[in-house]
Structure formats: structure tokens, C-alpha cells
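This report describes how parts of a protein model pack together. Please view the sequence and structure first.

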Amino acid sequence: MRVMPNKKLSLEELDIMLFDKRFDYGGEAIVLRSPNPNTLYKIFVYPSTDLPERVSSNKERKIIELYQRQLEGAVQPISTLSLNGDLIGYEMTYEPGDIPLLNLDLSQEEKMYVLEKSSDILTYFASQDITYGDVKDDNVLFNPTTKKVKFCDMDNIRIGTLPIDVMGHGLYDYYKAVGTIDEKTDAYMHNLLLLEQLRYNNLSHKAILSRLRQKPMMPEFPEEVENLLNGLTTPENFDGRYAIKMLKR
């Protein structure tokens, strides 16, 4: 087993980066530009603050497991980050040109390409006993130059017996209805992403499901796909099929 490297940060270094090197942020963490142009630092913080928070044991174990596995189609953790002896984050790979799907203005053909490739990655994750979970447009990266598709926010997945840490709204709604995060979860979430990309531009999962409850006609899709997508309003009855696979066959 490879030993994962650790980088020790000083409070002064961290303060400077938090002030001057912000790249992105989310519910759990702030992403910073590192001294290396091909990596980023992810620092976990207390909610609504810039105060670093010690990484939970569950998340730490997942980061180390991901370092060992080096999964395809995913951002890779390459070292842990510590402050005064506490693990507060990790360094991850970054390819300049990788852009979240949320921030891209793509043609219909390009959207179909990204949806197909991302579903392939999720199927691969499933073969590795992984559920990604929070499948949404800001967690799918696409590089228009290299045409590579990958997932970020990998520390929040289910891998083996290590559970997802935080559920977004769409994922939590699925969990409430089904009672578990199961092998159908990623396909369900990916189908919502497909609807957001191809029909309901920039609508939230909640808003999309509200539209679906009105049983809209979807003439742009084959009847079988239309029925599958309208059925997303009852997650407990979802059969686990990817709509994009049905559109591309």
C-alpha cells in the first residue's frame, strides 16, 4: 500500500491563500489555487466561515482509499493537508481547461456527449463498489479542448462501507423516498441531470420534479424515454435505467 504524502501548512500560508488564491467553494469546503498550476487545495471549513475544520474520520478514510485506487474519470487526491497536526484538507489534480458543466454553453450534440461519457463513468464507479450520489452540473467537469469528462468532489462519494457525508437536495429526496442510497441512485440522479441539460435549463431538481408531476409531453424524446423520465416523480419505482443510454442506442 502506498503511503499518502502530507503537506504541512502554516496558519500564515493558509490565511494568504484564503485571501488571495480562492478558486471555488461549496457547502463543506473552499478550493484554493496551490503553488502548483496542475493541482488545487481543498480546505474543509466550518459552515459559512473561513475557519478550517478537521476532516472527519469517514472522509479521511475515503481520501486515502481514493489515493490508493487512482480511479479513472475522476479528480485524484495526491496529498493530505494539515495545520498544527490536524488534517484539514487535501491536494488534488487539476487540468487547466476543466470547466464545470454548470458554467458551459454547449451545443445539444456536446451536451449529449458529456451526458453519455458521464454515465459511462458512473457505470464504471458502480463496478468499483462506488456510488457517486450528488450527480449535478457543478460536479461534472468537461474540457472542451481535450474532450475529457470527469467528476470532482470525490470525497463525498460512497465507497465500500464508507458512506456519503452530505446529501444535496435531489439526492436527499431520493433517499427519503427509497429509504437508502442503492445501486439505482446514480442513474436516477443522472436522469435529472439529463432533463436539466436537455429540457429544463438551469432549473433545480425540486423545480424539475414539480414540472414532471404535471405529466408534461416530451415530444423530443421517444415514448419509452418520456415514460421513464416522467416516472422520476416516484423514486421508489425507478428501475435503474439511464435515459441517455436509451437515447444513444
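Which residues have the most contacts inside the largest nonpolar core? They are Phe125, Phe151, Met154, Leu195, Leu229 and Leu232, in a core of 50 residues. A nonpolar core is a set of buried Ala, Val, Leu, Ile, Met, Phe, Trp, Tyr and Cys residues joined through side-chain atoms within 4.5 Å, where buried means under 20% relative accessible area with a 1.4 Å probe, protein chains only.

The model is predicted: local features need pLDDT of at least 70 and side-chain atom pairs pLDDT 80 or more, while totals for chains, interfaces and linings use all residues. Residues are numbered from 1 along each chain as its sequence is written, and side-chain values use heavy atoms, without hydrogens and water.

Helix 5 gives this core its largest share, 8 residues. Apart from this core lies another of 15 residues, including Met4 and Tyr94.

The axes of helix 5 and helix 6 come within 10 Å and cross at roughly 85°. Helix 5 is therefore roughly perpendicular to helix 6, a term for angles of 65 to 115 degrees. Axes are lines fitted to C-alpha atoms over the stretch in contact, with angles from 0 to 180 degrees between N-to-C directions. Helices are DSSP runs (H or I) of at least four residues. The residues in contact (heavy atoms within 4.5 Å) are listed below.

| Helix | Residue range | Contact residues |
|---|---|---|
| Helix 5 | residues 185-198 | Tyr188, Met189, Leu192, Leu195, Glu196 |
| Helix 6 | residues 205-212 | His205, Ile208, Leu209, Leu212 |

Key:
Helix = DSSP H or I, 4+ residues; strand = E, 2+ residues; numbered from the N terminus. Parallel < 35°, antiparallel > 145°, perpendicular 65-115°, else oblique.
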